[in-house]
Amino acid sequence: MASAEGPHDELGGSLALLDHWGLRILAWTTALFCAPLSRTDDPPEPDSFEAHSRDAMLARLGSVKPNWRWTVTSDTADDPSLVYRRQGLQSAWLTSLKHSVDLQALAMRYTPVVSFIFVLAGQIEITDRRTRKTLLIPPNHVASARQSAGNRMAIEPRSSWLAFHIPEQSLRRSFEDLTGRPYVQEFVLPPTRLSEDNGRVSIKHSDRQNEI
């Protein structure tokens, strides 16, 4: 879905999912790139930053993710830090965060976006205000989430995670184009384990395994 020049962290492959009727497998292939932050002598990358104090973290997160009200609940005495990267794709975008502090966030309004969150280290909890259910994404897992007003997100310190964001309208259109069926049920990917084998990443769900 995107290409990048120079060194980058790559996550790409296919994810197979049963549709609403359980008759087909919806599959797509993605290549997600997250280029390293620019060197100090390069022009700064848009929406990418490093922060090393509580005030700087809150100010920059509020700028790049204004739909969330952010709180830093603890400072790490050793080396408080947060690294944020963002890359736009054709009809979606990719973000990554790595931080040494606890983060809390409150969604201010509904946004019609589906986010696939890959937790590499640490843990993320997202509580849905409407259903009062909590989505827990442990390390080495991926799950989908939505931004609804009042939802709360809690992220452990020393966490590292990637998120692939796609507008629900684009997801709906892709689903209907690929399956020939109407998108009548909200898309949900429950926490699904990632595993590594010889440098490749696999997504394991139920009794199926999809290699990346």
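Strands here are DSSP E runs of at least two residues, helices are H or I runs of at least four, and both are numbered from the N terminus.

A quick word on what you're looking at. This is a predicted model, where local features need pLDDT of at least 70 and side-chain atom pairs count only at pLDDT 80 or more, while totals for chains, interfaces and linings use all residues. Residues are numbered from 1 along each chain as its sequence is written, and side-chain values use heavy atoms, leaving out hydrogens and water.

**Strand 7 and its neighbors**

Now widen the selection to residues 103-107, which is strand 7, and to residues 152-155, strand 12. They run antiparallel and share 4 bridges; pairing takes at least two DSSP bridges between strands. How many of the 5 residues of strand 7 are buried? The count is 4, with buried meaning under 20% relative accessible area, exposed over 50% and partly exposed in between (1.4 Å probe, protein chains only).

**Leu-103 and the cores**

Stay in the area and pick Leu-103. Setting aside residues up to four places away in sequence, its contacts (heavy atoms within 4.5 Å) include Leu-61, Trp-70, Val-72, Leu-82 and Met-153. Leu-103 is also among the members with the most neighbors in the largest nonpolar core, a group of 26 residues, along with Ile-117, Ile-124 and Met-153. A separate second core has 15 residues, including Phe-116, Phe-118, Ile-166 and Leu-171. A core here is a set of buried Ala, Val, Leu, Ile, Met, Phe, Trp, Tyr and Cys residues joined through side-chain atoms within 4.5 Å.

**Two salt bridges**

The whole structure has 2 salt bridges, each a Lys or Arg side-chain nitrogen within 4 Å of an Asp or Glu carboxyl oxygen. Select Arg-146 and Glu-168 for one of them, at 3.0 Å from N to O. Arg-146 sits in strand 11 and Glu-168 in helix 2, so this pair ties together parts that are 22 residues apart in sequence. Arg-146 is buried at 15% relative accessibility, and Glu-168 is buried at 12%.

Then jump to Arg-54 and Asp-55, whose closest N and O atoms are 3.9 Å apart. Here Arg-54 is partly exposed at 36%, and Asp-55 is exposed at 56%.
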